[in-house]
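Please open the structure in the viewer and keep a selection tool at hand.

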Amino acid sequence: MAKRKTGKAKAAPKRKAAGRARAGVPAGVIELGDRRELFVDDYLIERLTNVELRLQKPVPRNVALDHDVPWEGNTSAYHTVFQDGRLFRAYYRGSHYDRAGYKPVVCYAESRDGIEWYRPELGLVSYKGSTRNNIIWDGPGSLDFTPFRDTNPDCREGEEYKALGSPSARSREEQALLAFKSPDGVHWSLLSEKPVMDHTAGTNAFDSQNLAFYEPRRGCYVEYHRDSIYPGGVRYRQIMTCTSTDFRRWTKPQLLDYGDAPLEHLYTNAVTPYYRAPHIYMGFPKRFMPDRRMPGNTVGGVSDGLFMTSRDGLHFKRWGEAFVPPGPQRRRWGSRNNMTAWGILETASDLPTAPRELSIFSGEGFFGGEATRLRRYTLRLDGFVSAKAPLKGGELITRPFTFDGGALSLNAATSAAGSVRVELQDGDGKALKGYALRDCDEIYGDYLDRIVTWKGLADVRGLAGQPVRLRFALSDADLYSLRFTPLPV
């Protein structure tokens, strides 16, 4: 690949850490601190030579939930998953479509490991005369009920869990969002009888998985929902966002900006701060292609799962290639499939001695047969995008930044013949004495947290707080993330 210099994305946020700039730090120098940085965009990159940012592909694993019980069925969808202490929780719509339509209910499942899931018998809601089921709600908002654990330190008692749900969205008057509260994540009630948000821009607003979460860095609740725009009179499904300080009154929604990415139908969004680097928002929208239909499908349209990231929650880098493609399973080529659940879990690997990994979840079988299924997919920690170089080698040079910490740790993997080496430079790009590329001890293998050494020494404390750059020499290697950490004892 020819040498190229990456540019700033359109309307990108300023490249500095949250909070006030540190005195004496030159303008344009990134304040990295000790936070983890992923190579999911060009935020930290000044130049790539024979290196590309490569979108990774999650690996399909087990079926986490098979919606084959009577109150679920072939249109069960809009899954939410999160870890809550030692318990993993899942919420989703249970519904089955037939000629009479469908009546949705909100279902709940649990897991001890994020891999194998079960339905508890809750005894809360009667279905055909029996409460022996996992239904937690069947009132207004059941269409797309989406909950979260509220981490706001000022959260009111009894509202430790919150949720949003739209009453219908079948008519313009019903296009709204209702707010819910719960003390335990199982017993729910309306937070307000009136909607907290109503119709915004286009038709069919809110008829998707509309979500919210508390953002401690911004000190507010952040919400993402589905709406529509009409360029040239043609409807496109899009995503809007707004904020609130109390979960009751919300700002005017704004459309997300994707820079120069093409206009496409985005059905859901699944936006969440990445827990290992919470200053980076990750989204997993479902791309909908309404004009395509596979032979034998009764409903038009095909879908796949995309990946996008943001550093301000409004401007996103959206990859055009599918993150979760339909693949070889026929049931994933039906209409409205490959919808990524909201939530990223850390789970154990089924490979002996392998480290923990990330699990995401995606739906299949929608509108096909008797039941949808939720399948688990895995990827390495931070493994969404890598800076990838071939065996003949390539280089990545960062922008100037300051850091806090005593050692440089990398998440990287090589082949048996590949390698990673690192040079520390001053802000102008000159190799620092003792940290030149020739001084770096060669790294090869597969590591989530590999400390870089130069002639056996890892200590970089003397450089903390001053502008530096990193020069990576990569050969048949993938570089996923970096972080400056305390010096190992």
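How many disulfides does the count come to? The count is zero, where a disulfide is a pair of cysteine sulfur atoms within 2.5 Å. In general terms, a disulfide is a covalent bond between the sulfur atoms of two cysteines.

A note on the model is in order. This is a predicted model, in which local features need pLDDT of at least 70 and side-chain atom pairs count only at pLDDT 80 or more, while totals for chains, interfaces and linings use all residues. Residues are numbered from 1 along each chain as its sequence is written, and side-chain values use heavy atoms, with hydrogens and water left out.

Select the cysteines Cys107 and Cys440. Cys107 is buried, at a relative accessible area of 0%, and Cys440 is buried at 8%. Buried means under 20% relative accessible area, exposed over 50%, and partly exposed in between (1.4 Å probe, protein chains only).

Next, select the strands β17 to β20. They form an open sheet of four strands in the order β17-β18-β19-β20, with antiparallel pairing. Its edge strands, β17 (211-215) and β20 (254-255), each pair on one side only. Strands here are DSSP runs (E, at least two residues), numbered from the N terminus, and two of them pair if DSSP finds at least two bridges between them. Between β17 and β18 (residues 220-229), which run antiparallel, there are five bridges. Within β18, Tyr221 is the bridge partner of Tyr214.

Turn now to the aromatic rings. The structure holds 32 aromatic pairs. Rings of Phe, Tyr and Trp (its six-membered ring) pair if their centres lie within 6.5 Å; planes under 30 degrees apart count as stacked, over 60 as edge-to-face and the rest as tilted.

Select Phe284 and Phe323, a tilted pair with 5.9 Å centre to centre and 40° between the planes. Phe284 lies in the loop between β23 (277-283) and β24 (286-289), and Phe323 in the loop between β27 (316-318) and β28 (345-347), so the pair ties together parts that are 39 residues apart in sequence. Phe284 is buried at 2% relative accessibility, as is Phe323 at 1%.

Finally, select Lys317 and Trp319. The charged end of Lys317 sits over the Trp319 ring, 4.4 Å from its centre; this requires NZ of Lys or CZ of Arg within 6 Å of the ring centre and within 35 degrees of the ring normal.
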